[in-house]
Amino acid sequence: MKRSFFCILLVLLATSWAFAQQDTTEVFTSIRINKDPLRAKWRPELHREGNFWQLSFFDKKGIIQECISYANANLDVREGPYTRYEQGKLIERGYYSKGHKHGEWIRIKPDGQQVKTYYRYGKLE
């Protein structure tokens with residue numbers, strides 16, 4: 001009885017630790033494995049773009065949805081330009097430095113108005 005209780009407790013602890021570690025923006029080394037439910041529906045494509053590795057996501061119709069730049073092929077640190085699209089139209093663009101939003105970020109509203117925000121290593125200025 002004690003042994004089965006201990007095994008169940010161990011499984012529950014391991015499961016709860018795994019859920020606590022989840023980060024919805026993290027993309028693992030294998031670009032086919034993605035924790036984010038939305039990105040998991042999109043088709044990823046990885047290619048080298050200058051000094052960066054770009055991971056582009058396309059929907060089922062082949063329309064680009066997001067383009068994220070990384071410092072290396074392991075995709076562990078965001079570095080470089082970022083763009084996000086909605087139905088093929090650009091809605092957000094900016095730059096990542098050392099894994100944080102940095103510099104000018106532009107969000108384009110549905111009416112075409114551009115909203116500019118400025119970040120310094122992830123902190124809104």
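The tour below goes from the whole chain to a single residue.

This is a predicted model, in which local features need pLDDT of at least 70 and side-chain atom pairs count only at pLDDT 80 or more, while totals for chains, interfaces and linings use all residues. Residues are numbered from 1 along each chain as its sequence is written, and side-chain values use heavy atoms, with hydrogens and water left out.

Begin by colouring the protein chain by pLDDT, the predictor's confidence in each residue, from 0 to 100; the average is 81, and 72% of the residues score at least 70. Then select residues 17-33, where the pLDDT is below 50. Where pLDDT is low, the predicted coordinates should not be read in detail.

Next, switch to a cartoon view, in which the protein chain shows two helices and nine strands, these being DSSP runs numbered from the N terminus (helices H or I, at least four residues; strands E, at least two).

Now select residues 64-70, which form strand β3, and within this strand pick E66. Is E66 buried or exposed? With a relative accessible area of 3%, E66 is buried, a term that means under 20% relative accessible area with a 1.4 Å probe, protein chains only.

Finally, display the side chains of E66 and R39, which are joined by a polar contact of 2.6 Å (a pair of N or O atoms within 3.5 Å; within protein, one must be able to donate a hydrogen and the other to accept it, and residues adjacent in sequence count only if both atoms are side-chain atoms). Leaving aside residues up to four places away in sequence, E66 also touches others, including W42, L55, F57 and Y82, where contact means heavy atoms within 4.5 Å.

Definitions and conventions
Buried means under 20% relative accessible area, exposed over 50%, partly exposed in between (1.4 Å probe, protein chains only).
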